[in-house]
Amino acid sequence: MRLLIACLAVLTMPLLSGCIARTAVDVVTAPVRAAGQVIDWTTTSQDEADRDLGRRVREREAEIGRLERQRARAAERCRDGREDACRDAEDLDGQIADLRNAPVD
C-alpha cells in the first residue's frame, strides 16, 4: 500500500508542478492584463471617433432638414400675407445658417 502511494506521488508530481507553474504565470500576468483592459476602456480608438463624428454630422443634418421644412411652411404663410410668418422664416434662416457654420464637435 505504501508503495502504491509513493508511485502515485511520483507520477502526479510533474502534473502538480505544471499546475503550480501555470498558476504562477497567471498571477504574474494578471496585473498586466488588467492594466491593458483599463487602457482600452479609457481610450477612444480612431474607428470609434469616426463613428461618433459621423453620428454627430447626421444628427446636425437632420436638424437642418427639420428647420428647412419649418422655414418652407413659414415662407408659404408669409406669401399668403402673414407678417408673423415672415419673421418666423427669417428667424429660421438664421438658425439654419448658425447650424451650417458651427463646427462639428
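Visitor: What makes the pairing of Asp 84 with Arg 82 a salt bridge?

Guide: In this predicted model, the closest N and O atoms of Asp 84 and Arg 82 are 3.4 Å apart. The cut-off is 4 Å between a side-chain nitrogen of Lys or Arg and a carboxyl oxygen of Asp or Glu, and 3.4 Å lies within it, so the pair is called a salt bridge. Side chains of opposite charge can pair when their charged atoms come close.

Visitor: Are Asp 84 and Arg 82 buried, exposed or partly exposed, and how do you know?

Guide: Buried means under 20% relative accessible area and exposed means over 50%. Asp 84 has 33% and Arg 82 has 40%. Both values fall between the two limits, and therefore both residues are called partly exposed.

Visitor: How many salt bridges does the structure hold?

Guide: The structure holds seven. Among them is the one between Arg 66 and Glu 63, with N to O at 2.4 Å.

Visitor: Why are Arg 66 and Glu 63 said to be about one helical turn apart?

Guide: Both belong to helix α2, residues 46-79, and they are three residues apart, which means a separation of about one helical turn. An α-helix has 3.6 residues a turn, so residues three or four places apart point the same way. Arg 66, at 35% relative accessibility, counts as partly exposed, as does Glu 63 at 28%.

Visitor: Which salt bridge links distant parts of the chain?

Guide: Glu 68 forms a salt bridge with Arg 100, the closest N and O atoms being 2.2 Å apart. Glu 68 is in helix α2 and Arg 100 is in helix α3 (residues 83-101), so the pair links parts of the chain 32 residues apart.

Visitor: Which residues make up the largest nonpolar core?

Guide: Six residues make up this core: Ile 64, Leu 67, Ala 74, Ala 89, Leu 92 and Ile 96. The elements that give two or more residues to the core are α2 and α3. In soluble globular proteins, nonpolar side chains tend to be buried together.

Visitor: Which residues of α2 are buried, and what do they pack against?

Guide: The buried residues of α2 are Arg 60, Ile 64, Gly 65, Leu 67 and Ala 74, and they pack against α3. Ile 64 touches Ile 96, Leu 99 and Arg 100, not counting residues up to four places away in sequence.

Visitor: How does the span of α2 compare with the expected one?

Guide: Helix α2 has 34 residues and reaches 49 Å from its first C-alpha to its last. Just after α2, Gly 81 takes a positive phi of about 105°.

Visitor: What is the overall make-up of the protein?

Guide: The protein has three helices and zero strands. Buried residues make up 9% of its 105 residues. The protein exposes about 8500 Å², and carbon and sulfur atoms supply 61% of that area.

Terms used. Residues are numbered from 1 along each chain as its sequence is written. This is a predicted model: local features need pLDDT of at least 70, side-chain atom pairs count only at pLDDT 80 or more; totals for chains, interfaces and linings use all residues. Side-chain values use heavy atoms; hydrogens and water are left out. Helices (H or I, at least four residues) and strands (E, at least two) are DSSP runs, numbered from the N terminus. Buried means under 20% relative accessible area, exposed over 50%, partly exposed in between (1.4 Å probe, protein chains only). A nonpolar core is a set of buried Ala, Val, Leu, Ile, Met, Phe, Trp, Tyr and Cys residues joined through side-chain atoms within 4.5 Å. Contact means heavy atoms within 4.5 Å. The expected span of a helix is 1.5 Å times one less than its number of residues. Accessible areas come from the Shrake-Rupley method with a 1.4 Å probe; for residues, only the protein chains shown count as cover.
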